[in-house]
There are 2 protein chains.
Amino acid sequence: MTAPDWIAVDWGTSNLRVWAMTSDGAVLAERASDRGMGTLAPDQFEAAFLDLAEDFLRAGRMTVVVCGMAGARGGWCEAGYVAVPAMPGRGATTRVTAQDPRLDVTILPGLSQADPPDVMRGEETQIAGVLSRFPDFDGVICLPGTHTKWVRVAGGSVREFRTFMTGELYALLSRHSILRLGMDDDWNAVAFAGGVTDGLADPGGLSGALFGLRARGLLQSPRAGETRARLSGLLVGLELAGARSFWDRAGVVVVGDERTRELYGSLTELAADVRFVDAREMTLAGLTSAHADLTGGTE
Amino acid sequence: MTAPDWIAVDWGTSNLRVWAMTSDGAVLAERASDRGMGTLAPDQFEAAFLDLAEDFLRAGRMTVVVCGMAGARGGWCEAGYVAVPAMPGRGATTRVTAQDPRLDVTILPGLSQADPPDVMRGEETQIAGVLSRFPDFDGVICLPGTHTKWVRVAGGSVREFRTFMTGELYALLSRHSILRLGMDDDWNAVAFAGGVTDGLADPGGLSGALFGLRARGLLQSPRAGETRARLSGLLVGLELAGARSFWDRAGVVVVGDERTRELYGSLTELAADVRFVDAREMTLAGLTSAHADLTGGTE
């Protein structure tokens, strides 16, 4: 293949993704592995990176731009946080001292907020991607995941954000709580929608509604996929209740995949204007924008 | 010791408790083990019981009255549920066919509710204990635990109830979620009280408030015990928000121990009248009342 000009890296808790990039932002190759930050000690990152991407290297030094949990404490090298309000993915980058002389590695900083206390690491790069795609966007960005972020942006910078543990609560409750008993792997879209409606309308009823799933499993005969889908819906509804000040009367960009469109479909009836964009694409756009910024080039 | 007349048994998911009782309801001896229902297959219950209580037996048959999860599916012998409205701990008891001819074992039924679907097993006996202690009590009984029950009683029967997964959510979040990182074993009473207030005032904010604990741990320096206590407070606050229709303007009896008095102390400022009673005592009073009912005696 054409020799790459630089390498883009999204290194999360569970996954590592690398892209071989040309100088004008085209993707030459893409690879992924499950050697996420959560599986590695600090001195294992360089080898894990080379295992996946060594053949992207050429003679001379190669710029590598990294976002995500690789910059957390216990990661490849701790990168700081930039306090909001701030331009996402800009300022105070961290250079990694690599043993391989071909590597010139930069880790992008996360974002922090003092009150209420909050942090993000990785999503700021997707936000930068959204802003490079929609440069004049003033509104709200929702980034669903293990720790879903709701973010208000204006004038090209992040003004405030809030993290919801929706994905982690779903994983804990579906795998480790009493609700795991009698839960099948199907999905019932009607039960999901009902859960969203109930969770949003009565967030205080969450804890009771959760046990209600178990009781219904004992007393009645839930349809296939009903328990799992209603659980997911209740937690998305709880999140929407908590994030109301973000989406109410706002334009919202939701960053995710096809599944996200299904889980956050109810937003289209709640917010003023909702667009769904692809998470992978936004990550890449954000890393490309950060690369341009680092090397003084234009995107 | 004096020969017992019958044996009272509280067999929960995690613990087994037995009492050697006289015919007039006095306790001759008390024992406990950690061989709860969750640790046993159905054919192991009789041996586990005998291991703990065999020397309570005398020549001839001994009545054994059991409440709790030993009556669940997968327990010693499945005992049914009585649908509310119902007198707690009465009706449709289940006789266990024991191999040891000295044992005459009866398991008390749980309570169920069709809409919203809910179940309890064990708490109905504590409720019967409360009603034997306060025969004319019309009001609300709160039984905190892994699955906290809020129960409305009137005219000696349970009218409705609702289960909140407060204890289980606390265990999951403090042991298995991201919040476990940086959580110490101390307890900060001020942080607990703040959590209760915030959880009750803004249940929709729960998921955001949870991640805020993690972010505060990363950005600031929480005082010892603050994260754990605020987590507990937020979950109790969420429960109180969901149970408002129970405690609002009601007389409430809270069944628990010294710790319960601390965790539910805020109720004294919310409900009309709050009394704390001892859980062990109520269990024993309920089993004694069921025994009297079974044997046609009086308490």
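Contact here means heavy atoms within 4.5 Å. By that rule, 41 residues of chain A are in contact with 41 residues of chain B. Keep in mind that this is a predicted model.

- About 3,100 Å² is buried between chain A and chain B, and carbon and sulfur atoms give 72% of it.
- Polar contacts are another story, with ten residue pairs between chain A and chain B (both at pLDDT 80 or more).
- On the chain A side, the elements giving two or more residues are β8, β9 (118-120), β12 (157-164), α3 (166-176), α5 (206-219) and α6 (226-242).
- Of these, α5(A) gives the most, with eleven residues.
- Sorted by type, the chain A residues that touch chain B come out as 21 nonpolar, 14 polar and six charged.

**Domain against domain in chain A**

- Chain A splits into domain 1 (1-113) and domain 2 (122-299), and their centres, taken over C-alpha atoms, are 26 Å apart.
- On contacts, 30 residues of domain 1 of chain A pair up with 22 residues of domain 2 of chain A.
- The two domains of chain A bury about 2,100 Å² between them, 68% of it on carbon and sulfur atoms.
- P88(A), R90(A) and Q113(A) supply 25% of the area that domain 1 of chain A buries against domain 2 of chain A, more than any other three residues.
- The rule finds one salt bridge across this domain interface, along with four residue pairs in polar contact (both at pLDDT 80 or more).
- Strands β1 (6-11), β2 (16-21), β3 (27-33), β4 (62-67) and β8 (110-113) of chain A are the elements that give two or more residues to the domain 1 side.
- That domain 1 side divides into 17 nonpolar, nine polar and four charged residues.

**Salt bridges to look at**

- Over all chains, the structure holds 38 salt bridges.
- In chain A, the side chains of E30(A) and R280(A) meet in a salt bridge at 2.7 Å, N to O, while E54(A), D100(A) and R102(A) are linked in a network of salt bridges.
- In chain B, R31(B) and D55(B) pair through their side chains at 2.9 Å, N to O. R31(B) is in strand β3 and D55(B) in the loop between α1 (45-53) and β4 (62-67) of chain B, so the pair ties together parts that are 24 residues apart in sequence.
- D118(B) and R162(B) form a salt bridge at 3.8 Å, N to O. This pair links strand β9 to strand β12 of chain B, 44 residues apart, and both D118(B) and R162(B) are buried.
- R223(B) and E226(B) meet at 3.0 Å, N to O. R223(B) counts as exposed because its relative accessibility is 53%, whereas E226(B) is buried at 8%.

**A buried serine in chain B**

- S232(B) lies in helix α6 (residues 226-242) of chain B, and its 8% relative accessibility is why it counts as buried.
- Leaving aside residues up to four places away in sequence, S232(B) touches Y170(B), W187(B), F192(B) and L263(B).

How values were computed. Residues are numbered from 1 along each chain as its sequence is written. Chains are lettered from A and ligands numbered from 1 in the order in which they are written. This is a predicted model: local features need pLDDT of at least 70, side-chain atom pairs count only at pLDDT 80 or more; totals for chains, interfaces and linings use all residues. Side-chain values use heavy atoms; hydrogens and water are left out. Domain bounds come from an automatic or database domain assignment. Buried area is the accessible area (1.4 Å probe) that two parts lose on being put together, summed over both. A salt bridge is a side-chain nitrogen of Lys or Arg within 4 Å of a carboxyl oxygen of Asp or Glu. A polar contact is a pair of N or O atoms within 3.5 Å; within protein, one must be able to donate a hydrogen and the other to accept it, and residues adjacent in sequence count only if both atoms are side-chain atoms. Helices (H or I, at least four residues) and strands (E, at least two) are DSSP runs, numbered from the N terminus. Ala, Val, Leu, Ile, Met, Phe, Trp, Tyr, Cys and Pro count as nonpolar, Asp, Glu, Lys and Arg as charged, and the others, Gly among them, as polar. Buried means under 20% relative accessible area, exposed over 50%, partly exposed in between (1.4 Å probe, protein chains only).
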